Amino acid sequence: MSDTAQNARISAAGGTPDAAAGSGGDGSGNGGGSAGDAPRGRTRVPRKWLFFGVFLLLALASNAVRHFREPEPPPEGAPLATREFAAVGSETAGSTTAGTSSAAAPVLFIHSAWGDGSALVPLAERVAGATGRRVIVPDLPGAGASVWRVSDYSGRAAAEELAALLDAKHVAGAHIVAFGQGGAAAVELARLRPAAVRSLALVSSVGAQEFDLLGNHIVNKIVFTFHLAFTRLAEVALPHFGALDRSPVNARYARVFWDGDLTVMKPFLGAYRGPLFLAHGEDDWVVAADTARYTKEIAPQAETFFTAGGHWVFEHDDAAGNELAQRLGKFFMSAEKGTAGNAAAGNALPRPQPAHGARMWVLMVIIILCAFVAEDPTCLASGLLVANGVLSFTAATTACLISILIGDFTLYLVGYTLGRPALRVPPLRWILPEYKIDRMAGWFEKKGFQGLLLIVTSRFIPASRLPTFVSAGIMRLSLWRLGILFFVAAALWTPPLVWVAWHLSEKLGGDAMFERFEVLKHNAMWVALGLLFGFWFLMHVLVPALTWRGRRRIVARMRRRRHHEFWRDWLLYAPVAGTVIWNALRRFNLGGVAAANPALGSHGGFTGSAKSEMLGVLEKGAGSGERGAGEKSIARFARIPAGENSARLDALRRFMRDAGVAFPIVLKPDTGDDGLGVNRIAGERQAAEWFEHFREDALAQEWVAGDEFEVLWCRRPGETRGRLLSVCTKTPPAVTGDGRRALEDLILADDSLVADADLLLRFNWQRAEGVLPAGERAVLSDIGTAACGSRVKEISSAGSEVCERFAAALDALADGVFAATGKGLHYAAFDVRLTGTAATTGTGTSTAPRSPLPVPHSPRLVITGVSGACTVGSLLRDPALRLRDALRAVRAQITECFAIADAVRAAGSTSTAAGRPLHTASGLALLAARAEARGRHLIDLHSE
């Protein structure tokens, strides 16, 4: 490397020549430490790691406390924990044991899903005092003093426990008073043991299925599933130390609804001929008063008591509680004398009237909230409400339209108020790539009114609304025009969807299906999931399959799932990580593998290491040694520290001026991982845009044209010749035009590229709609990694002459590193460019054919990147290799790296320079740096 280039690198880094080269500092001018040691700033564990670590420890401690505090389950067959009350002066008043010998039938209270029996104590005392009867208030399974794990929290299971309780207390018959969701248990008890139920009183109780939440068993099951999942997650993940378990709203509360089945309520109450009492608050928004009114319609013998107040009025209001106690006393007396109403056999059950007033508004709010989570399934569910008579078609459609319009305007306002920077912050960054916004913006700019029609058509195209509406906000298009288009699009889609669900449900029988097919009821969750999957399959598979582009994208998804070279890194490399951990554990040395490369410092070039430090070490050795002089070099580079973007641009200019480097150049994060964040920069505008995205330490490097290879090389201590563990070519993807089809269609039509269609279109969105001239070859990606679309092919056996050339050059480089630093380099993977070969890479075009292997007498080998300990080749990305064979090869590479580290440590203070184990703090910092690198995203730079 020339003195000018070296001075340029030093100037950009802001350090001394020695520090920049890695001999006496950390590459940033701080001085101290050996070459390649981790910078001082890296030894601090990131705050987010500390936060999540502390949070995880607290969550684990919370779960341990919950486990040890969990009450011992009572013996098999033991009754529920109970409280008993009798009239004042009775020896059992307020006691918790068996009670009075009164001849009058006792009263059994059944509490709601909220809380336990303790909430009913004041009312139980009033009823005991007003009636002179024994009142039994149990805690249902999973609640209060009866807390233990049960497999079923349904009303049926609770009824079985209540029947066992009555048997244990030798109660032949009792008056049942049920509150809220406890009404389901009361009805099940009456079905299970009709002789034990003298009368039935439902207080603020649930009733017919049509009046429960969204009125349909299947739809409610979906909502309750999300409810249960949230509460389960909160109990396990939050460090509450048992507080949530004792709160009224816990997982048991959610399970009562999830396990519940209200489809039995309507037919039972319609057929029930015994004494029935209904009490309800007129202002109840939890269980609407219309529930009790409809029960009165289907069970005309029922006595009713309505009062002003909400769901808990009888428990919290003394006046209402006293009046209820008096009315219950008279009702019990009438039931025992046989004067209480008993209905005769009736006609068919009446259809409920659509909701009105407060209940209608509550249902509409529920629909609006559910539509925020899943719009189209909620529209279908609203159609079921109409079919069941719960809501009118107008009210259901209006609620869906309101929710959809709110969602559409919210997306527009996100783009309008937050602008483009919001796309770089999670969660938008994860679900909305910036290039999609740019592409939509291009449509709006170039197509005029036709572009605005995208607002309407996006309603019918899966996954297109989000980028369309956000880009409309970023461009600040006319709000009143968009408002009209939003409404037109929603009006064209929503009413037909609700109407189809309405009439289809009526054809199939709605909830009546559960009465005819009991198996559907017991598998409602699977039916619900099946319906959701069916709708997803319709919208994301069948509808796209109607077009050629849609079918090709389906092919792309299938190939990415079937072929291992396209799998996610966490899945594909999990066995590799397991091999590293196994080798470390069996040696009782978690950081010892870093000793494989003493020249690269205590971290040995382990994952997460700074590229500038390792390249600095190679740079010192590139001109040293006796073999291969002039055939190898390190691409000129400069470390650009994090800081203000203006200062970073100045540093970049100094590097380019002093080194004589012109655009294009390469910018990459100093801590890299699989090419994420690596970009070919065409000018200062793109450089400024890159610095805006990546604010960490960066590496500026000259662009080297030529064929790219990944070479994994190793040489054990004492050996004079090294070995190539793998050599892989990295061929950039390219298409050849035919003069007829757009670039997007050429990519989708190419069977070798279709699996990466979304990625390649992301890199080429600005020219995706342009027609490529016949015979013109367009290179689609210029970054030589599989993550950026390059095709990997292992050539170790195919190109023996070329491989020997690589081996000789890398042996010479290792000799030079030892001569310059006195420390050995034994195991590394090199990114290599061979200049002067037949083809070049880049985003431009070329009609030259590709050579399968580089020309043997290629004049120059340029190293553009390096990785050290535990690095493996890209064999897992080679489609020609079976996954089993590729995994066997990379496991052998990991084993060889550990063997080299063992040999280096065994050599002690020999000429190889013994490697040191990786310290815990440095290891955590390196892992944190790699985690940060893996969290990086591909960016879409605008054209110069």
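Two strands are taken as paired if DSSP finds at least two bridges between them, and strands (E, at least two residues) and helices (H or I, at least four) are DSSP runs numbered from the N terminus. The structure is a predicted model, in which local features need pLDDT of at least 70 and side-chain atom pairs count only at pLDDT 80 or more, whereas totals for chains, interfaces and linings use all residues. Residues are numbered from 1 along each chain as its sequence is written, and side-chain values use heavy atoms, with hydrogens and water left out.

Strand β18 (residues 827-835) pairs with two strands: β13 (residues 707-714) is joined to β18 by 8 bridges in an antiparallel arrangement, and β19 (residues 860-867) runs antiparallel to β18 over 7 bridges. Phe830 of β18 takes part in both pairings, as the bridge partner of Val711 and opposite Val866 in β19. Of the 9 residues of β18, 8 are buried (under 20% relative accessible area, with exposed over 50% and partly exposed in between, for a 1.4 Å probe and protein chains only).

Elsewhere, the axes of helix α28 (residues 574-586) and helix α35 (residues 883-907), being lines fitted to C-alpha atoms over the stretch in contact, come within 10 Å and cross at roughly 30 degrees, on a scale from 0 to 180 degrees between N-to-C directions. The two helices are therefore roughly parallel, a class comprising angles under 35 degrees. In the contact (heavy atoms within 4.5 Å), Pro575, Val576, Thr579, Val580, Asn583 and Ala584 of α28 meet Leu887, Val890, Arg891, Ile894, Thr895 and Phe898 of α35. These residues comprise 8 nonpolar, 3 polar and 1 charged, where Ala, Val, Leu, Ile, Met, Phe, Trp, Tyr, Cys and Pro count as nonpolar, Asp, Glu, Lys and Arg as charged, and the others, Gly among them, as polar.

Terms used
Angles under 35 degrees count as roughly parallel, over 145 as roughly antiparallel, 65 to 115 as roughly perpendicular and the rest as oblique.
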